[in-house]
Amino acid sequence: MKIGMIGLGIMGKPMARNLLKAGYDLCVFDVNPAVVAEVAAAGATAAANARETAKNAEVVLTMLPNSPHVRSVMLGKDGVGAVMERGATFIDMSSINPIDSREIAAELAGYGIEMLDAPVSGGEPKAIDGTLSIMVGGKLEVFHKYREMLSHMGASVVRCGEVGAGNVTKLCNQVIVAINIAALSEALTLGQLAGVAPEAIFEAIRGGLAGSTVMNAKAPMMMDRDFKPGFRIDLHIKDLNNVLDAAKSVDAPVPLTAQVMEMMKVLHKDGEGISDHSVLVKFYEKLSGEEIHR
């Protein structure tokens with residue numbers, strides 16, 4: 001199977017490497033020539049532009065920041081959709097607004113192209129080791145056709161419904177992650193101010209009902225002051241904007257999401273937009289004057 005892949009950022013690059021390890025014929029493009037060269041050195045074919053990735057490709061993958069980027073790459077002036085072969089499939093692994101996913105799918109159908117939306121969760125570590133959670137929307141037969149390929153990037157590959165359902169599920173995921181990180185920050189701040197070490201709190205509760213994958217990943221980062229991005233605050237702001245837009249369209253109440261969004265916007269203004277979303281703890285440190293530590 002020949003695959004074209006567009007977008008080799010924090011997530012896309014290790015995902016591409018896992019496809020190469022699995023033996024796929026991969027052609028890649030990114031606006032950063034250095035990262036294209038790096039993935040090409042691992043065995044991929046380097047494309048000169050996005051359209052070139054679609055040449056003879058059975059499937060084209062994108063891993064891009066947001067809806068406008070996906071729409072431009074696939075349907076813009078030099079859009080990839082116009083040069084893909086009829087019967088080919090587009091799989092968007094970006095996290096975008098599900099309304100946009102459905103609109104892009106409808107336009108690509110006019111070219112005879114199938115589409116899956118397949119956003120991921122797990123951050124850079126799980127992208128590297130190929131254990132992402134992949135949430136998929138699209139036709140059942142198209143999902144079955146590419147499930148094995150997706151499984152080389154994710155430990156969990158679940159079809160959630162028709163096109164757009166993958167991104168609805170990803171928005172739900174991002175709500176839970178954001179609120180979890182905020183709750184963890186709040187709890188560790190309370191504990192330290194009350195005289196109990198955050199590390200003791202973490203070790204004591206991680207195996208109980210309050211324990212979570214989010215806690216296991218983010219508590220050590222907070223205590224070690226390690227805010228190197230696995231998932232940047234600015235990207236989470238983008239996702240929560242999409243949550244709020246989607247919630248408005250279906251009249252869903254999301255008061256906790258709105259609250260955490262305000263916290264993240266404060267951190268963005270403080271220059272933390274490129275930091276990992278575990279930096280939410282700094283919002284509480286700003287309020288309390290107490291820095292979390294081991």
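User: What makes up the cover over the buried residues of α9?

Analyst: The cover includes α7 (165-193), α8 (198-205) and α12 (281-288), where contact means heavy atoms within 4.5 Å. The model is predicted: local features need pLDDT of at least 70, side-chain atom pairs count only at pLDDT 80 or more, and totals for chains, interfaces and linings use all residues. Residues are numbered from 1 along each chain as its sequence is written, and side-chain values use heavy atoms, with hydrogens and water left out.

User: Which residues of α9 are called buried?

Analyst: Val-214, Met-215, Lys-218, Ala-219, Met-221, Met-222 and Met-223 are buried in α9. Buried means under 20% relative accessible area, exposed over 50%, and partly exposed in between (1.4 Å probe, protein chains only).

User: Why is Val-158 called partly exposed?

Analyst: Its relative accessible area is 43%. Partly exposed lies between the cut-offs for buried and exposed, so Val-158 is partly exposed.

User: What makes Ile-134 a contact of Val-158?

Analyst: Heavy atoms within 4.5 Å count as contact. Leaving aside neighbours within four places in sequence, Val-158 is in contact with Ile-134, Met-135, Val-136 and Phe-143.

User: How do you know that the span of helix α9 is close to the expected one?

Analyst: The expected span is 1.5 Å times one less than the number of residues. Helix α9 (residues 213-224) has 12 residues, and the expected value is 16 Å. From first C-alpha to last, α9 reaches 18 Å, which is close to that value. A helix here is a DSSP run (H or I, at least four residues), numbered from the N terminus.

Technical notes. Helix = DSSP H or I, 4+ residues; strand = E, 2+ residues; numbered from the N terminus.
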